[in-house]
Amino acid sequence: MSKICNINEESLQMAAQIINEGGVIVVPTDTVYGVACDPFNEAAVAKIYELKRRPRTKALQILMSGVEDLEKLGLYLPSPLDILGKKFLPGGYSPIARAKKDSVASNLATLCKTNETDAQNDAKTQATQGVRVPDCPELMQILRVTGPLAASSANRSGNESADSVEEAFAAFGNEIPLYLNAGPTRSHVASTVVGADSSDKDGIVILREGVISESEIRNALSE
């Protein structure tokens with residue numbers, strides 16, 4: 001049977017054990033609830049896609065406790081995404097990080113390969129990964145015991161995102177062993193996903209407009 005638990009020492013240890021054993025849990029964020037697992041575990045990542053009935057062409061994000069986790073994951077934020085990170089992290093900003101060559105990132109089960117052309121490089125394969133540092137104290141408690149987590153919103157693909165642990169449970173029921181409860185989320189709107197794009201006047205592309213508007217993002221670069 002699944003458990004819905006408030007966040008305390010006991011439930012945090014349960015979460016860490018499930019993640020370490022390749023399982024999946026539900027966690028709160030500052031926007032919507034998410035279903036999460038070890039980002040290096042291919043079977044666990046596949047389980048999220050299976051649970052959500054989500055196409056594998058749609059990438060998962062990695063939830064981090066701070067930008068310093070980028071180094072641990074072998075990732076970095078290209079310019080100007082790093083500049084935006086200083087303004088919008090922690091918060092509802094999801095930049096598309098890039099993998100350092102021959103780094104631990106090559107083992108991330110969530111890493112994406114895309115072809116990109118820029119002014120200095122003819123078409124080359126770039127390994128990328130969407131990342132998040134949510135402004136959510138409860139999630140920070142979780143990440144301190146689990147480490148970074150691969151995640152997607154806690155809903156079946158195409159349905160409304162879960163704003164509460166009850167809505168997440170209604171979506172997945174006993175298919176997920178542990179739901180960590182922090183009450184209703186503050187935003188109810190997903191994060192804004194931003195990539196680097198050298199062909200754009202600001203050097204960015206808005207891949208999904210969410211809680212932070214495109215105008216806020218672009219204005220931050222002109223300040």
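Me: Before we start, what should I know about the model and the numbering?

Reply: It's a predicted model, where local features need pLDDT of at least 70, side-chain atom pairs count only at pLDDT 80 or more, and totals for chains, interfaces and linings use all residues. Residues are numbered from 1 along each chain as its sequence is written, and side-chain values use heavy atoms, with hydrogens and water left out.

Me: Okay, helices. Which residues of α2 are buried?

Reply: Start with the general idea: an α-helix has 3.6 residues a turn, so residues three or four places apart point the same way. Helices here are DSSP runs of H or I with at least four residues, strands are E runs of at least two, and both are numbered from the N terminus. Buried means under 20% relative accessible area, exposed over 50%, and partly exposed in between, using a 1.4 Å probe and protein chains only. In α2 (residues 42-52), the buried ones are Ala44, Val45, Ile48, Tyr49, Leu51 and Lys52. They sit on the same side of α2 because they cover an arc of only 165 degrees around the axis; that arc is taken from the directions from the helix axis to the C-beta atoms.

Me: What's on the face of α2 turned away from the buried side, and what do the buried residues pack against?

Reply: The face turned away carries the exposed residues Glu42, Ala43 and Glu50. The buried residues pack against β3 (34-37), β9 (149-153) and α6 (165-172), where contact means heavy atoms within 4.5 Å.

Me: Is Arg53 buried or exposed?

Reply: Arg53 counts as exposed because its relative accessibility is 60%. Its place is the loop between α2 and β4.

Me: Now α6. Which of its residues are buried?

Reply: Val165, Ala168, Ala171 and Phe172. Their arc around the axis is only 115 degrees, so they lie on the same side of α6. Glu166 and Ala170 are the exposed residues on the face turned away. Among the elements covering the buried residues are β1 (3-6), β2 (25-27), α2 and β10.

Me: What about the loops around α6? Where is Asn155?

Reply: Asn155 is in the loop between β9 and α6, and it counts as buried because its relative accessibility is 4%. A polar atom of the Asn155 side chain lies 3.0 Å from the backbone oxygen of Asn159. Leaving out residues up to four places away in sequence, Asn155 touches Lys52, Glu160, Ser161, Ala171 and Phe172.

Me: And where is Asn174?

Reply: Asn174 is in the loop between α6 and β10 (178-181). At 48% relative accessibility, Asn174 counts as partly exposed. A polar atom of its side chain lies 3.1 Å from the backbone nitrogen of Ser2.

Me: How much space lies in the largest pocket?

Reply: First, the idea: on a 1 Å grid over the protein atoms alone, a pocket is an open set of points with protein on both sides within 12 Å along at least five of seven lines, and lining residues have an atom within 4 Å of a point. The largest one holds about 1000 Å³. Of its 46 lining residues, the closest to the centre are Arg54, Ala59, Gln61, Val193 and Arg208. By class, the lining has 15 nonpolar, 20 polar and 11 charged residues.

Me: Last one: which peptide bonds and phi angles stand out?

Reply: Most residues other than glycine have a negative phi, and most peptide bonds are trans. Here, a cis peptide bond joins Ser79 and Pro80, with omega about 5 degrees. The bond from Leu89 to Pro90 is also cis, with omega near 0 degrees. As for phi, His188 is not a glycine, yet its phi is positive at about 70 degrees. His188 is in the loop between β10 and β11.

Technical notes: 1 Å grid on protein atoms, 1.4 Å probe; cavity = no way out; pocket = protein on both sides within 12 Å on 5 of 7 lines; lining within 4 Å. Points joined across faces, edges and corners; volume = space filled by probe spheres on them. Nonpolar A, V, L, I, M, F, W, Y, C, P; charged D, E, K, R; others polar. Polar contact = N/O pair within 3.5 Å; in protein donor to acceptor, adjacent residues only side chain to side chain.
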